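Have a look first, then we'll start.

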Amino acid sequence: MSADKINLAQTTVMLVDDQPASLELLASVVQGFGVKEQVKCTSAREAVATLQRRQVDLILVDCIMPEMDGYDFVRWLRREAPNAVRYTPAILILGHAAKSRVEGGRDAGASFILAKPLTPSILLKRIQWLGTEERAFVDSDVYVGPDRRVHCYGPPPGLDGRRDSDLSGDLGDPVGANMDQSEIDMMMKPARVSL
């Protein structure tokens, strides 16, 4: 699916940000994608109250807010929200993409983490990715959310990856025969050193 064929006209998007200017900027961006129905919340607590009454198709939430931050909101969404909304894709937006913050968002159960400054093209690609991905939803004692091993899947078909480790959509033919277990075991044995 190419970006010019995505249709978000029937999509309801929840936007959560305590900064009015950021909230309006985000609203303009998703409106530019064709989203007609937006649910704007100026706090995570307001978003929680709203989601207890209604469903949305996508949530974009800022990570740093007073009282309840974006991480706590996503944890609530995945663990305590009504079943009808707990599987809703949630994109966490970070001001600073330090490794610890990215890992915190991933471990909270965010579908994606995006760093500011947020460009419309990157946001649209991530929304498109959410629409085409087939990640399993994990519900365990220690984690609830989309499978965190997203790097193993590579980008959706037709999109270029951004990491060297992303798998190519076309892996081609094998370059040699598969090894059998005895050959693998032989390679793994430590070399003998004679003195």
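Q: Why are helix 2 and helix 3 called roughly parallel?
A: Helix 2 (residues 44–51) and helix 3 (residues 70–79) pack at an angle of about 15°, with their axes 10 Å apart. Axes here are lines fitted to C-alpha atoms, for helices over the stretch in contact, and angles run from 0 to 180 degrees between N-to-C directions. Angles under 35 degrees count as roughly parallel, over 145 as roughly antiparallel, 65 to 115 as roughly perpendicular and the rest as oblique. Helix 2 and helix 3 are therefore roughly parallel.

Before going on: this is a predicted model, where local features need pLDDT of at least 70 and side-chain atom pairs count only at pLDDT 80 or more, while totals for chains, interfaces and linings use all residues. Residues are numbered from 1 along each chain as its sequence is written, and side-chain values use heavy atoms, leaving out hydrogens and water.

Q: Which residues make the contact between helix 2 and helix 3, and what is their class?
A: Helix 2 brings Ala44, Ala47, Val48 and Leu51, and helix 3 brings Phe73, Trp76 and Leu77. Contact means heavy atoms within 4.5 Å. By class, that contact has seven nonpolar, no polar and no charged residues. (Ala, Val, Leu, Ile, Met, Phe, Trp, Tyr, Cys and Pro count as nonpolar, Asp, Glu, Lys and Arg as charged, and the others, Gly among them, as polar.)

Q: How do you know that the span of helix 5 agrees with its 13 residues?
A: The expected span of a helix is 1.5 Å times one less than its number of residues. For helix 5 (residues 120–132) that should be 18 Å, and its end C-alpha atoms are 18 Å apart, so the two agree. Helices (H or I, at least four residues) and strands (E, at least two) are DSSP runs, numbered from the N terminus.

Q: What do the buried residues of helix 5 pack against?
A: They pack against helix 1 (20–32), strand 3 (58–62), strand 4 (90–94) and strand 5 (112–115). Among these buried residues are Leu123, Arg126 and Trp129.

Q: Is Thr12 buried or exposed, and what makes it so?
A: Buried means under 20% relative accessible area, exposed over 50%, partly exposed in between (1.4 Å probe, protein chains only). Thr12 has 9% relative accessibility, so Thr12 counts as buried. Thr12 is in strand 1 (residues 12–16).

Q: And why is Glu67 counted the way it is, buried or exposed?
A: Glu67 has 70% relative accessibility, so Glu67 counts as exposed. You'll find Glu67 in the loop between strand 3 and helix 3.
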